[in-house]
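Please look over the sequence and the structure shown here before reading on.

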Amino acid sequence: MNKIILGIIVVVALVVGFYLVSSATPTANGTAHTPAIQVAPDFTLEKLGGGKIVLADYKGKKPVILDFWTTWCPNCKRDIPRQNEWYKKYKDQIEVIGIDMQEEPSIVQKFVSDLGVVYPVVLDSTGDVARKYQVAYTNYHVLISKDGNIVGTIPGDIKESDFTKLIAL
């Protein structure tokens, strides 16, 4: 009886192993990984200055960079002005949505005005969107393709090449 159970376990393990290997995609360095497409969770948030932004409205139109930040974050203060310049340069091809995490609108408005931010800024007053995207800290970027899938995350400063690579997808 034990030999039959052991035989069944071995056969199941071989079948599962074969499936995993055959569905894997080789990468540039020859290793394999199982591709996983993660659809970006939709959200609707209040826009600073009035109105709402719905992430799904961008699907099929432009890729999107979500930038999670706060006004007290020193790295955000360094990163946002550069990101603002790249947004001005590429705004016809890509959308940036700044997502302030749980701060008072008046504080956020002053911060955005002082930095001259021109891309849309929304208020995640409850932290729900940050939780959906598993954001653990500020100055965190989520890259979303034109078809609405998460194609990468950038903890820390974003680069212009991140913009151009996302546009090229």
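In which sense do strand 6 and strand 9 pair, and over how many bridges? The two strands pair in the antiparallel sense, over five bridges. The model described here is predicted.

## The chain as a whole

The chain contains five helices and ten strands. It has 169 residues, of which 40% count as buried. Its accessible surface comes to about 9,900 Å², and carbon and sulfur atoms account for 60% of that area.

Contacts can also be sorted by how far apart the partners are in sequence. Taking contacts between residues at least 6 apart, 67% join residues at least 24 apart.

Strand 9 pairs with strand 6, where L66 stands opposite V142 of strand 9. Strand 9 also pairs with strand 10, again in the antiparallel sense and over five bridges. In this second pairing L143 stands opposite G152 of strand 10. Strand 9 and strand 10 form a hairpin with four residues between the strands, and in this hairpin G148 takes a positive phi near 90°.

## Helix 5

Helix 5 covers residues 160–168, and its buried residues are D162, F163 and L166. Viewed down the helix axis, these buried residues fall within an arc of 105°, so they line one face of helix 5. On the other side of the helix, K165 and A168 are exposed.

What do the buried residues of helix 5 pack against? Their partners are strand 6 (64–69), helix 2 (74–90), strand 7 (95–101), strand 9 (140–144) and strand 10 (149–155).

## Aromatic pairs

A pair of aromatic rings is described by the distance of the centres and the angle of the planes. The count for this model comes to seven aromatic pairs. One of them joins W86 and F163: the ring centres are 5.8 Å apart and the planes stand at 65°, so the pair is edge-to-face, the cut-off for that class being over 60 degrees. W86 lies in helix 2 and F163 in helix 5, so this pair ties together parts that are 77 residues apart in sequence. Both W86 and F163 are buried.

A second pair also involves helix 2. The rings of Y87 and Y119 have their centres 5.8 Å apart and their planes at 75°, so these two rings are edge-to-face as well. This pair links distant parts of the chain: Y87 is in helix 2, while Y119 is in the loop between helix 3 (105–115) and strand 8 (121–124), 32 residues apart. Why do Y87 and Y119 count as buried? Buried means under 20% relative accessible area. Y87 has a relative accessibility of 8%, and Y119 has a relative accessible area of 4%, so both fall under that cut-off. Elsewhere, F43, F68 and Y133 form one aromatic cluster.

Conventions. Residues numbered from 1 in each chain as written. Predicted model: local features only at pLDDT ≥ 70, side-chain atom pairs only at ≥ 80, totals over all residues. Heavy atoms only, no water. Buried < 20%, exposed > 50% of the residue type's maximum accessible area, 1.4 Å probe, protein only. Arc of directions from axis to C-beta. Contact = heavy atoms within 4.5 Å. Areas by Shrake-Rupley, 256 points an atom, 1.4 Å probe, with all protein chains shown as cover. Pairing = 2+ DSSP bridges. Phe/Tyr/Trp six-rings, centres within 6.5 Å; stacked < 30°, edge-to-face > 60°.
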